[in-house]
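Student: Can you walk me through this protein? I'd like to start with the overall picture and then go into details.

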Amino acid sequence: MEVYERIRELRKKHLRLSQTGFGDKLGVSRSVIKNIELNALARPEQKLSLIKLICKEFSVNEDWLLNGNEPMFIEPDTFSLDEFARQHGATDLELQIVKTYFDLDADTRQLLLEHFRKSLAAPAAAENEKTVEELEEEYKKSVLHSAPKGESTASNTTNGKGSEKVVG
């Protein structure tokens with residue numbers, strides 16, 4: 001397999017990007033990507049700088065791109081959810097959903113997991129399951145009942161980033 005074929009494989013199969021989307025992330029036009037994938041660059045000297053940019057932008061192993069030697073991707077020393085989501089074609093909304101989930105406290109996440117486990121295990125019975133809103137209300141009631149006398153806690157739902165104590 002040639003370099004241009006590996007670039008096309010990377011873009012289509014692994015990054016799931018259109019030529020336009022791939023070009024946008026690299027700061028080049030769709031026609032440049034098309035010409036790379038057809039091995040028909042008007043200025044072949046562009047190829048090396050684009051290969052370097054592809055490797056940097058998508059954490060691709062340059063040896064794989066140039067010579068086909070595995071692994072395809074470079075494993076970073078640290079993990080970035082944003083980077084992972086971007087590499088897998090996640091939308092901004094999908095990334096925000098995941099981040100919001102992890103901003104929830106452990107008890108609320110557990111309630112959501114139980115709800116989805118039940119819903120996935122018995123799709124026909126899902127209509128009888130509680131809604132997320134009902135689960136949230138149950139959780140809030142349980143928190144209020146477990147608070148020390150004279151105090152109650154309320155979730156800070158404006159930004160989903162924790163809770164605040166309200167003295168009553």
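This is a predicted model: local features need pLDDT of at least 70, side-chain atom pairs count only at pLDDT 80 or more; totals for chains, interfaces and linings use all residues.

Student: OK. How many helices and strands does the protein have?

Tutor: It has nine helices and two strands. Going from the N terminus, the order is α-α-α-α-α-α-α-α-α-β-β.

Student: And what share of the residues counts as buried?

Tutor: 24% of the 168 residues. The accessible surface is about 11,600 Å², and 53% of that belongs to carbon and sulfur atoms.

Student: Let's go inside. Which residues have the most contacts in the largest nonpolar core?

Tutor: Phe22, Ile54, Phe58 and Leu65. That core has 20 residues.

Student: Which elements give two or more residues to this core?

Tutor: α1 (3-14), α2 (19-26), α3 (30-37), α4 (45-58) and α5 (62-67). The most come from α4, which gives five residues.

Student: Back to Phe58. What does it touch, leaving out residues up to four places away in sequence?

Tutor: Phe58 touches Leu15, Leu17, Phe22, Lys25, Leu26, Phe73, Arg86 and Gln87.

Student: Arg86 is on that list. Which residues form salt bridges with Arg86?

Tutor: Glu57 is one of them, with the closest N and O atoms 3.0 Å apart. Glu57 lies in helix α4 and Arg86 in helix α6, so this pair ties together parts 29 residues apart in sequence. Glu83 also forms a salt bridge with Arg86, and there the closest N and O atoms are 2.4 Å apart.

Student: Where do Glu83 and Arg86 lie?

Tutor: Both are in helix α6, three residues apart, or about one turn of the helix. Glu57, Glu83 and Arg86 are linked in a network of salt bridges.

Student: Why does Arg86 count as partly exposed?

Tutor: Because its relative accessibility is 24%, and partly exposed lies between under 20% for buried and over 50% for exposed. Glu57 at 23% is partly exposed, and so is Glu83 at 25%.

Student: How many salt bridges are found in the whole structure?

Tutor: Five. Another one is Glu62 with Lys52, where the closest N and O atoms are 3.1 Å apart. Glu62 is in helix α5 and Lys52 in helix α4, 10 residues apart.

Student: New topic. Which residues form the nonpolar patch on the surface?

Tutor: Phe116, Leu120 and Val132. Together they have about 310 Å² of accessible area. Leu120 is in helix α8 (residues 106-121).

Student: Is Leu120 buried or exposed?

Tutor: Exposed, because its relative accessible area is 70% and the cut-off is over 50%.

Student: What is phi for Asn39?

Tutor: About 60 degrees, a positive value although Asn39 is not a glycine. Asn39 is in the loop between α3 and α4. Ser59 has a positive phi too, near 55 degrees. Its place is in the loop between α4 and α5.

Student: Are those two buried or partly exposed?

Tutor: Asn39 is partly exposed, at 42% relative accessibility. Ser59 is buried, because its relative accessible area is 19% and buried means under 20%.

Terms used. Residues are numbered from 1 along each chain as its sequence is written. Side-chain values use heavy atoms; hydrogens and water are left out. A nonpolar core is a set of buried Ala, Val, Leu, Ile, Met, Phe, Trp, Tyr and Cys residues joined through side-chain atoms within 4.5 Å. Buried means under 20% relative accessible area, exposed over 50%, partly exposed in between (1.4 Å probe, protein chains only). Helices (H or I, at least four residues) and strands (E, at least two) are DSSP runs, numbered from the N terminus. Contact means heavy atoms within 4.5 Å. Patches are made of residues with over 30% relative accessible area and no salt bridge: like charges are joined within 9 Å, nonpolar side chains (Val, Leu, Ile, Met, Phe, Trp, Tyr) within 5 Å. Accessible areas come from the Shrake-Rupley method with a 1.4 Å probe; for residues, only the protein chains shown count as cover. A salt bridge is a side-chain nitrogen of Lys or Arg within 4 Å of a carboxyl oxygen of Asp or Glu.
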